[in-house]
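User: Hello! I am new to this structure and would like to learn how to read it. Could you show me?

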Amino acid sequence: MFFNSIAFAIFLPIVFFLYWFVFNKNKSTQNALLIIASYYFYSCWDWRFLFLLVFSTFLDYYTGIQIEKGKSEKSRKFWFWLSILVNLGFLGLFKYYNFFASSFAELLTSAGFKASPILLNVILPVGISFYTFHGLSYVIDIYYKRIKAEYNFVDYSLFVSYFPLLVAGPIERATHLLPQVKVKREFNFQTAKEGVYQIVWGLVKKVVIADTCAPYANAIFDNYTSMNSFSLILGAIYFAFQIYGDFSGYSDIALGVSKLFGLDLLRNFNYPYFSRDIAEFWRRWHISLSSWFRDYLYIPLGGSKGGLWMKIRNTFIIFVVSGFWHGANWTYIAWGFINAVYFLPLLLSNSNRNNMDAIQLKFNFDSIKVFSSILYTFLLTCIAWVFFRARTITDAILYLKRIVTNKDFSFQYLDNERYSYELLLMIGVFVLIEWNNRTKVEPLSGKMSMLKTALAILAIMAFGTFSDYKEFIYFQF
Amino acid sequence: MKRFLIYIVKIFLITVLIAFILDGLYTYIFLQSHNRGKIEQVFNSNAQKYDVVILGSSRANNHFVPQIFEKRGLKTFNYGMSGGHLFEASLMLKLMIERKYEIKNVILEADLNLSNDHQSEGVSAKFLPYIHNSEIIKNHFFNEKDFNELYYIPFYRYIKYDNKIGFREVCKIIRDDKTNSLDNSGYYPLQKHKNGNMKNNIVNLNPLKHNKYYEEIEKLCKIHNINFIAIMTPMCENVKGMNYFEKVQKLYPEIYNYENVVKEDKYFSSCGHMNDAGAKIFTAKIVTDFFKK
C-alpha cells in the first residue's frame, strides 16, 4: 500500500474516523488502533515479514528493560550486545549477505581460485533499515542512560511500527516520539490542516516531480552510451529531482498523515538543493539519518575532536557507512565516499558550519556569490547522484566521461518517445515555488492557502504521472 | 473537528470541480484531434468510401501495403494498430459503420490475436476520451471491469492512462503535432534489423474456440454487406509451436492461411513482423488471390 495509491486513500480516512470517533477514549485505545492499522499497513506488502517486525520490536523492548534492570555492568553489556548483534544480524542477513558472498567470491576468482558462493534467494523486507535503526537508537540510548526503558509494550510497539514512518522513515528517536505516544492526543484543527497541506505538497513532489522525471532519467541512464552531453547533464538533473521529489515527497506525506493523528514526526528535508556547501546539504537532506549517524556513529568514534587523521577517518567512515546503508552495492559506497571527499575540505578548514544562517538574496555582489555557491553545490550533488543511480561504478565513470567528451549539446529524442529537454520548464517552476517558500515547511500554507491547495490539486491531476506507476525509491533501502 | 470536516469537504468539492473542468477541457481538445492517430481520425471524420479496409494488430499494420491495392484501383486504408487486439479492431469497425463509411471489403488479420478477447489497454485507452460522446464506445466498454470508474468518475480515464491520453498528448494535439501513423495510408513499413529477434515461442498460445470480437466483426460485415476476408499472416521459420496456425484452421476454417507465404529471414524485421520487402511480396499475393480483375 503506497501513499499515492487508491488503497491508501481508503485506508487513511477509515483509520482517521476510528481514531477520533471510536477509539478516542484514552491514549491506550488510540495507540492500540494505530498499532492494528500499522500492522495491517505493513502486511499489505508481505504479511510474512510482520513476524520479523514483531520479533524485532519485542527484542528491543525486552533487552531495553533488561539493560535498565541490569545490576552489573556485565549483564547490561550482555543484553546491549545481544540486541545490537541480533538487529544488525537480521539487517546483514537480509540486506547484505548476498553482496558480501558474491564480492568475496569475485575476489577469490580474481586471485585465481574457483568460487561459487551460496546466495540466499530472499527478498528484502520493506523498511527493515528504518525500523532496525529505530530499535538500535532506543537500545543505545538506554544503555548510555539517556532515556528510561519503556515498560508498556503497546506504546513501544507504536514507536517502532507507527505506519506513517514504518517503511521509509523519518528515523524517529525515542526521546521525540515516545513522550507523544504516552499521552492522549487531542484533535487540533490547525495541526490537522497543516497535515493536509503537507500531504498535498508531498503528492505534488511525488507524482508531478519524481514520477514525471523518472521515465526521462531512466531513458537517459539506461542508454547513456547513445546520449549526447546535453542529455546526460539533463539525466543527472532529472534524477536529482526524481530522488528528491520521491523521498522528500514521501516524508512530507508521512509527516502530514501523522499530524492528522496528533503526532509530530522529525523533519527529514529542508530544501537541500538550496544549500551553499555540502555540509549544509547534509544538514538539509535526510536529516533523520544524518543526525542518527552523527549521534550513534560519528560522535562515539570521537567526532571531530581528535587529531587530523581521526577527523579524516571518522568522516570517511560515516559517509561510506551512510552510503552502504542505502543498499548492498559498490555504487552506494562510492556515492558515500564521494560525499566524504566533498565534505573533508570543509571540515579540515573549519568551515563546515559556515552556512548556518538563512539564505538571503539581494541585488548585490554577495548574492551572486551565494547563488554561485548554491549552483556549485547542486553540481557536486548531481555528480554524486550519477554514482547513486548508475548500475555499476564503471557505468557512472563512463557516464561522466561522456558528458565531457561528447560535446554535443543538441536536443535529443529519447527511446520512450520524449524529448530530453521537455521537463526543464516544470522543474524551473517547481524550484521557483520552493525558493519563494524556503522559510516554510511547505508552500501551501499562509495567505490564499485554499487557492494554492486547489492549484496543487490541479497540478497533481493534470501533470501527475500515474500510469507508469512507481514505488517510492527509498522503500528498497 | 467540525471545522476540519468542513474543510475536508471543501477540499473534496474543489477536487471534484477540478476533475469536471479538466475532463471537459481534455475531451474538447480530443474532439478536435485529427492527425494524431487512426482512432482520432475515424472518430472525428465524416462518411468515407473504401474498397478495402484492413484491420488487426501490428501484424496487419506492418504487413498490408495499401499502395499495392491502390495500383489495382482499390481505395484502401490500413487501420491495423500496433499492440491492438480484436477488441479494438471490432470497435474500430463499429465506429466506421456509425460514421456511415461505405466499405466493400474488410481484411482482418486473425491469427495470434485469436488467443484472447481482452482489450489491449495501451490501444483501447485512445477510445476513452470519446466515451461520453459515443454510445458505440460506451457499450463496447460496458462489460469491462473498470467501466463504472472510467465512465462515471470525471477525469479518471485521463489519470489512469495519462501516458496515452494525458497532458503530453493534449499538448501535442494543441500544437498540432503529427504522428506517422496516418502516413502511407496507415501502413507502417519496417526495415530489416541487424539484431532483429528471429526466434519465437508460441507453444503455449491457443486460439479461443469462440473469440467474441472475431465473431462480432464477422457478424457486422454480414449485416452491412461487407465482404469479410480473414487472413493469417506470415511468421519467420524459427518458431516453436507453429502448429498454432493449424489449430486456428481447425477452429476457424474460413480464415485463409497465408502464414507460410513468406519464409526467409531476410524478409523479416523480427520474427513476427515482416519488413517492407516481405510485406510487399505478401500484399501482392493477397491482391492477386482476392482481387483479380
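**Reading the two chains**

Analyst: Buried residues make up 43% of the 477 residues in chain A. A residue is buried if 20 or more other C-beta atoms, placed from the backbone, lie within 10 Å of its own, exposed if 12 or fewer, and partly exposed in between. This is a predicted model, in which local features need pLDDT of at least 70 and side-chain atom pairs count only at pLDDT 80 or more, while totals for chains, interfaces and linings use all residues. Residues are numbered from 1 along each chain as its sequence is written, and chains are lettered from A and ligands numbered from 1 in the order in which they are written.

User: What radius of gyration does chain A have, and how do I read it?

Analyst: The radius of gyration is taken over C-alpha atoms, and the globule rule is 2.2 Å times the number of residues to the power 0.38. Chain A has 23 Å, which agrees with the value near 23 Å for a compact globule, because the rule is applied to 477 residues. The C-alpha trace of chain A spans about 70 × 65 × 45 Å along its principal axes.

User: How many helices and strands does chain A have?

Analyst: Helices (H or I, at least four residues) and strands (E, at least two) are DSSP runs, numbered from the N terminus. Chain A has 18 helices and 0 strands.

User: Which domains does the assignment give for chain A?

Analyst: Domain bounds come from an automatic or database domain assignment. For chain A it gives domain 1 (6–186) and domain 2 (191–276 + 359–476). Their C-alpha centres lie 29 Å apart. The contact takes 17 residues from domain 1 of chain A and 17 residues from domain 2 of chain A, where two residues are in contact if their C-beta atoms, placed from the backbone, lie within 7 Å.

User: Where does chain B touch chain A?

Analyst: Here 17 residues of chain B are in contact with 17 residues of chain A. On chain B, α1 (2–32), α9 (156–160) and α10 (162–165) each supply at least two residues of that side, and α1(B) gives the most, with 9 residues.

User: What does UniProt list for residues 7–31 of chain B?

Analyst: An unreviewed UniProt entry lists them as "transmembrane region"; UniProt positions are given in the numbering used here, feature names are shortened, and annotations may be inferred rather than shown by experiment. In the model, this span is 100% helix and 0% strand, and its end C-alpha atoms lie 36 Å apart.

User: What order do the strands of the open sheet in chain B have?

Analyst: Two strands pair if DSSP finds at least two bridges between them. The open sheet of 5 strands in chain B has the order β2-β1-β3-β5-β7, with parallel pairing. Its edge strands, β2 (76–78) and β7 (256–257) of chain B, each pair on one side only. Within the sheet, 6 bridges join β1 (residues 49–55) to β3 (residues 102–109) of chain B, and B:Y50 stands opposite B:I103 in β3(B).

User: Is B:R175 buried or exposed?

Analyst: B:R175 counts as exposed because it has 8 C-beta neighbours inside 10 Å. B:R175 lies in the loop between α11 (167–174) and β4 (200–201) of chain B.
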